[in-house]
Structures are given as structure tokens and as C-alpha cells.
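Here is a friendly note to read alongside the model.

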Amino acid sequence: MSSSKQKPTDHNTKAAQHDPFAAMKFRDYRLFSIGRVLLFTGGQMQTVALGWELYERTNSAMVLGLIGLAQVVPMIALTLITGHIADKNDRKKITLFSILLLTFCSIALAVISFNKGAVFLVYGCLLLTGVARAFLKPAGDALMWQLIPMSAFTNAATWNSSSFQLASVIGPALGGFSIAIFKSATAVYILAALAALSCFFLTATIKPQKTNFAKEPISLKSLAAGAEFVWNNQLILAAITLDLFAVLLGGAVALLPVFAKDILRVGPVELGYLQAAPSIGALIMAALLVYLPPIRKAGPALLWSVVGFGIVTIIFGLSRWVWLSLLMLALSGALDSISVVIRHTLVQIRTPDHLRGRVAAINSVFISASNELGGFESGAVAALFGPVFSVVSGGIGTILVVVATALIWPEIRKLGVLHEDLGTSK
């Protein structure tokens, strides 16, 4: 593995591992992280506004399902190209361009909303949003890891998880609150555009990063280099595969409206609590992980956290008490946070800098596919066999996936402190 960016600059490895603010001590990473929080929060606000406005205008559940699909299709279609571009060009410029495109899409949505424009125009904006995110994910992720030494990677992965969960809690609440105040989704799109613009200016102040990557022409070999690297690195493949199938089978979030109305017999307020519970649990766990010492046995912790995720999913499926359901959802978010931090750190430590864009693109497709297909899988099984069977069987399936992963890739069971792996991964 390339060692060009692996030597800590101002902090030794041990101090960086135990310092809860290790990553935040680097100016450019702070700016980037604050920008991402603003961008994520604006995106979550916009998602709430889109769902509210489109359902108000069409009264169609299918229209709601197409919101996510319109954005994920470009991400999947452009995966290999965007990853290659992120690895062969200035990642900061690509990131800034992507943020500007997101800003433009939010402004366009505001104009369409204000003028009650055709719904197909909204989907046109969502397709462009998906294109922007397809470029932003690999370029932004690869740029972010250039801003800190490898000794701070675990700490940075924890802060990244915290920022996403914070946006997932605050964004929907601010979106709903704004709709209630302004009686329109238009203002939310404007706020999302302002948040994206703030992210743009913060990112623009980051110092230029040195890149010495070869300008190889686009070819099938160069495009597939990220996928080939993941395939040849069995620990990364195991971690990504584990996450893919755990989310695909164990996700209960898509069925929360059904559980709230038909099983728990609660109203929209309680549904809001149920939807926020996983993010709250993940945020609390991420905050704890910032202050706790590095996990000594990362492999077993990863496997057991996903087993726990499956168990609490089963209990949620069988629960008839809203307080127990809330607790299980919060625990699912907390356990998922553990696996996210371990997986992100493992992937970044073992990926050479010149491949980070392509590997990030592959990883983002796994995540997007698992989320979207997971919601479809849950809905399809629920339609055939009922929501309780769908969730409980999904939880059991998640546990079986962990067993299969541990058997197929036994080396993951022996994975220790991730930073102790630096010497073997250079």
C-alpha cells in the first residue's frame, strides 16, 4: 500500500488515537466537516419538503418512492466514471463543482415549487441532484482523507458518522418546522440552497492538496481498478458485503409507518419519534466512541455489532409497546454506528490514496443499493407475508449473514486494533 500520506505530521499515533478531537485539530478537516454538516442538514430538510409537497400535490405513494429512485439511479450508473475522475483530477475542484450543482438544483426546486411547476420538472432536478452526488461522494470522501494523517482516521470516521447522524436528527425537524412556519416547501428549498452555498465557501477555503496521480486515459481497466482492488482485498470485501446484506435484510425503517399505524396504534407524532430513534442512538454511540479508546478487537466488534443489530431488529418486529420499539430502534442505530466507524476506518487505512475515489464510489453504490433495495425488499415481503414477518425474518437473515461472513472470511475474526495494521498495509 502506498505510504505517501501515512505518516502522522504533528501528532504521534498513540496520542491521535486517544485524543477525542484528534481529527478536529486540523484546520482544513474542521472546515470540511462543518461544511458537510450544513450540506447534509440542508439535504435532509429538502427530502422532507419534497415528500410533503409531492404527496400534497399528487396523493400518490408511488410518487414518493420515485424520489429516492430518481437520485440513486445516476449514482449507480456513473459509479465507475466518477470514481476514476476523482482519482485523476483535482478532488477539491470536483467537490466544489458538485456542491454548486446541488445549490442550483435546490434553487430550481424553489422556483418550480413557487410556480407550481410540473412534477416531471421536479424529477429532472432530482436526477441532476443524483449526478451531483455521484461526483461529490468519491471526490469529497477522497479529499477529506487527504486533510488528516492516517493516525487520525478512526477519530475522523467517528466524527463523520456523528455529523451525518446529527444532520439526520436536525434536518427533518428543521424541514418540518419550516414548512409549518412558511406554509410552503419553497422556503425549505431556499434554505437548502443557502446551506449548500455555505458548504461551498467553507470548502473553497481549504488549502490546495498535492496530487501526483498518473494521468492515465479512461479505459475499462482504469475504471474497474476500484472494484478490482476491493475484490483482491478480502477484509474490505468482507466488511462491505456484511454491511450490504445487513442493511438489505435488517432494515425496518421503510415499514415504520405501517408499524406505527397498524401494530403500535400510534399517531404521526410517535411516528416521528420512531423515525428519529435510530439516528439518536447512532449519535449517542458516535459521541461515546469519540471519547473511548480505540476498539482493541475490531473484527469481533464488527461481527457482534451486526449480530446485535439483527437481534434488536427481531425484538422490534415482535414488539407491541411503543417504548420498547423506540428502545430497539435506538439500539439498532447505536450498533450500526459501531460497524460504520470500523468499516470506514478499515477501508481508508487499506486503500492507497490514488484509488480512494474509485473505492469510495464502489462503497457508495453498495450503501445506496442496500438502502434502496432494502426498502423494496422489506415492502415486498411485507406485502406477501405481513410486516412482522418481514422485519423478524430480516433480523434472522442478518444474523445468518454474519455467520456466513465469519466462515467465508475467517481473517475478519482476528482483526485487532486497526492502527496496529499500519505496518502491514504500507
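1. **Before you start.** This is a predicted model, in which local features need pLDDT of at least 70 and side-chain atom pairs count only at pLDDT 80 or more, while totals for chains, interfaces and linings use all residues. Residues are numbered from 1 along each chain as its sequence is written, and side-chain values use heavy atoms, with hydrogens and water left out.

2. **Helix α2.** Start with α2, which covers residues 27-58. Helices here are DSSP runs (H or I, at least four residues), numbered from the N terminus. Its 32 residues reach 46 Å from first C-alpha to last, close to the 46 Å expected at 1.5 Å a residue; the expected span is 1.5 Å times one less than the number of residues. Just after α2, Asn-59 has a positive phi of about 55 degrees.

3. **α2 against α8.** Two packed helices are described by the angle between their axes and the distance between the axes. For α2 and α8 (residues 186-204), the angle is about 165 degrees and the axes are 8 Å apart. Axes are lines fitted to C-alpha atoms, for helices over the stretch in contact, and angles run from 0 to 180 degrees between N-to-C directions. The pair is therefore roughly antiparallel (an angle over 145 degrees). Among the residues that meet are Leu-31, Arg-36 and Glu-53 in α2 and Tyr-189 and Cys-199 in α8; contact means heavy atoms within 4.5 Å. By class, this contact has 15 nonpolar, 4 polar and 2 charged residues. Nonpolar means Ala, Val, Leu, Ile, Met, Phe, Trp, Tyr, Cys and Pro, charged means Asp, Glu, Lys and Arg, and the others, Gly among them, count as polar.

4. **α14 against α17.** Helix α14 (residues 298-318) and α17 have axes that come within 7 Å and cross at roughly 165 degrees, so these two are roughly antiparallel. Including Phe-309 and Gly-310 in α14 and Gly-395 and Val-402 in α17, the contact divides into 15 nonpolar, 6 polar and no charged residues.

5. **α11 against α17.** Which helix packs with α17 at about 165 degrees, with axes 8 Å apart? Helix α11 (residues 234-250) does, and α17 covers residues 387-408. These helices are therefore roughly antiparallel. Phe-245 and Gly-250 in α11 are among the residues that meet α17, whose partners include Gly-394 and Thr-405.

6. In the model, residues 187-206 are 90% helix and 0% strand, with end C-alpha atoms 30 Å apart. Residues 380-409 are 93% helix and 0% strand, and their end C-alpha atoms are 30 Å apart.

Technical notes. Angles under 35 degrees count as roughly parallel, over 145 as roughly antiparallel, 65 to 115 as roughly perpendicular and the rest as oblique.
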